[in-house]
Amino acid sequence: MEFSSRLGKLAPYPFVEISRIIAEKRAAGADVVTFGIGDPDIPTPQPIVDRLLAASQDPPNHRYPETDGLPEMRRAIAEWYRNRFAVSLDADKEVLPLIGAKEGIGHVAFCFLDPGDLALVPDPAYPVYGVGTMFAGAESYIMPLLEGNGWLPDLSAIPDDVAMKAKVMWLNYPNNPTSAVASAEDLATYVAYCREHDIALLHDAAYSEVGYDGYKATSVLQVEGAMDVGIEFHSLSKSYNMTGWRMGMAVGNADMIRALFQIKANLDSGVPQAIQEMSMEALTGPQDCIEDNRVIYQWRRDRVVEALRSMGLDVAIPQASLYIWASVPEGFTSADFAARLLEDIDIVVTPGSSYGQYGEGYIRLSLTTPDERVETGCQRLENWTIPAPREG
Ligand SMILES: *Cc1c(COP(=O)(O)O)cnc(C)c1O
């Protein structure tokens, strides 16, 4: 049989490959410490799980959900948004629950992109922006994220004809994988640009709740005029340790939200209602877990930065996100260096190059590993002598 050309265009999803290597290593008896995937090791808070248990006993929740979710769910999202960002949303028109942010991020391409269209996509980046674009038959125009520009796209580098043609712009702050943040002024620049060029602004704010040293991320919807051109994606995954339950949301411009609803209504049947109920508990119940997580991740952040610096690597202390983004030593590619860490000291990191060509020269370390494993990993890093790069 013959498979589609889009299937052939897919690079292996980076974490599938890493999971395979870890499994192999562990099967061979290695004590692998993983700083790979960003998947919180801390359990979902008990009151949230309890709500799911209760909700699972309620027969109406055994039936198909609505694509746009329970009205109470949409109201809980709007209320969370008002409390957190002082942005008011119409719960029926400007809010859409998602089966995890990834689902919406992938599907939203079909709302704006036809074959031959152009999307402005940052690099390095979460791979789904570019993959969704490709699935829709459109092309990505790469916006390099460079250290010298604070890992923000440089709009002056985008040619006029590209700006005229582009249908969407993807942004993600706090950023995965670079852990960079964007100020309200930065975000305002992108909003103004998208308004000027009639581009749909798609902001992925999956890490809005993971901030350190008092840092609180800005929502793009706090920028005046953003509602005219943009939507924002959020996720309960990283904020409430809920990656396994699959709950996210898109909020913002009503026409864009309706478009995403139309696509989704034809492809999925919404978030299981018991999961919606537990998500309401997360968004409207006590928010302690966000601060509890911050304390845990901040210790790990400081420990990992200390270890990497003692190895002589160049690394900034992130203000947000679950990631440390470090440059690799002279003479190594990202993939070589990651491979050496795995071969020599059984440590898994993600090569920056798996997030795009401009991620080359860096590795990403995720802080979603238990403290004692972080400590073990850091000691291994500190006691390791970086080998000479292999020839060729
Ligand atoms: C983890 C992550 C998501 C996905 O969140 P889910 O709600 O679990 O699908 C989206 N965007 C970025 C940048 C992420 O790192």
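The largest cavity in this predicted model has a volume of about 60 Å³. A cavity is, on a 1 Å grid over the protein atoms alone, a set of points where a 1.4 Å probe fits but cannot get out; grid points are joined across faces, edges and corners, and a volume is the space filled by probe spheres set on the points. Rolling a probe the size of a water molecule over the atoms shows where empty space is left. The structure holds one cavity of 30 Å³ or more. Its lining, meaning residues with an atom within 4 Å of a point, consists of Glu209, Val210, Gly211, Lys238, Ser239, Ile290, Asn293, Arg294 and Tyr297. These divide into three nonpolar, three polar and three charged residues, where Ala, Val, Leu, Ile, Met, Phe, Trp, Tyr, Cys and Pro count as nonpolar, Asp, Glu, Lys and Arg as charged, and the others, Gly among them, as polar. Helix H14 gives the largest share of the lining, four residues, and helix H11 (236-239) and H14 each supply at least two. Helices (H or I, at least four residues) and strands (E, at least two) are DSSP runs, numbered from the N terminus.

Two packed helices are described by the angle between their axes and the distance between the axes. Axes are lines fitted to C-alpha atoms, for helices over the stretch in contact, and angles run from 0 to 180 degrees between N-to-C directions. H14 (residues 288-310) and helix H16 (residues 371-383) have axes that come within 9 Å and cross at roughly 10°. H14 is therefore roughly parallel to H16, a label for angles under 35 degrees, while those over 145 count as roughly antiparallel, 65 to 115 as roughly perpendicular and the rest as oblique. On the H14 side the contact (heavy atoms within 4.5 Å) includes Ile296, Trp299 and Arg300, and on the H16 side it includes Asp371, Val374 and Glu375. By class, eight nonpolar, two polar and six charged residues take part in the contact of H14 with H16.

Helix H13 (residues 273-284) packs with helix H4 (residues 71-85) at an angle of about 20°, the axes lying 9 Å apart. H4 is therefore roughly parallel to H13. The two helices pass in a left-handed crossing; a crossing is left-handed if the near helix is turned anticlockwise from the far one by less than a right angle, and right-handed if clockwise. Here Glu72, Met73, Ala76, Ile77, Glu79 and Trp80 in H4 meet Gln276, Ser279, Met280, Leu283 and Thr284 in H13. The contact of H4 with H13 has six nonpolar, three polar and two charged residues.

Helix H3 (residues 46-56) also packs with H13, their axes coming within 8 Å and crossing at roughly 150°. H3 is therefore roughly antiparallel to H13, and the crossing of H3 and H13 is right-handed. Contributors from H3 include Pro47, Ile48 and Val49, and those from H13 include Ala274, Ile275 and Met280. The contact of H3 with H13 comprises 10 nonpolar residues, one polar and three charged.

Some backbone details complete the tour. Most residues other than glycine have a negative phi, and most peptide bonds are trans. The peptide bond from Asp123 to Pro124 is cis, with omega near 5°; Pro124 is found in the loop between strand S3 (118-123) and helix H7 (128-135). The bond from Asn176 to Pro177 is likewise cis, with omega near 10°, and Pro177 lies in the loop between strand S5 (166-172) and helix H9 (184-197). Ser179, in the loop between S5 and H9, has a positive phi of about 65° although it is not a glycine.

Residues are numbered from 1 along each chain as its sequence is written, and side-chain values use heavy atoms, with hydrogens and water left out. In this predicted model, local features need pLDDT of at least 70 and side-chain atom pairs count only at pLDDT 80 or more, whereas totals for chains, interfaces and linings use all residues.

Methods: 1 Å grid on protein atoms, 1.4 Å probe; cavity = no way out; pocket = protein on both sides within 12 Å on 5 of 7 lines; lining within 4 Å.
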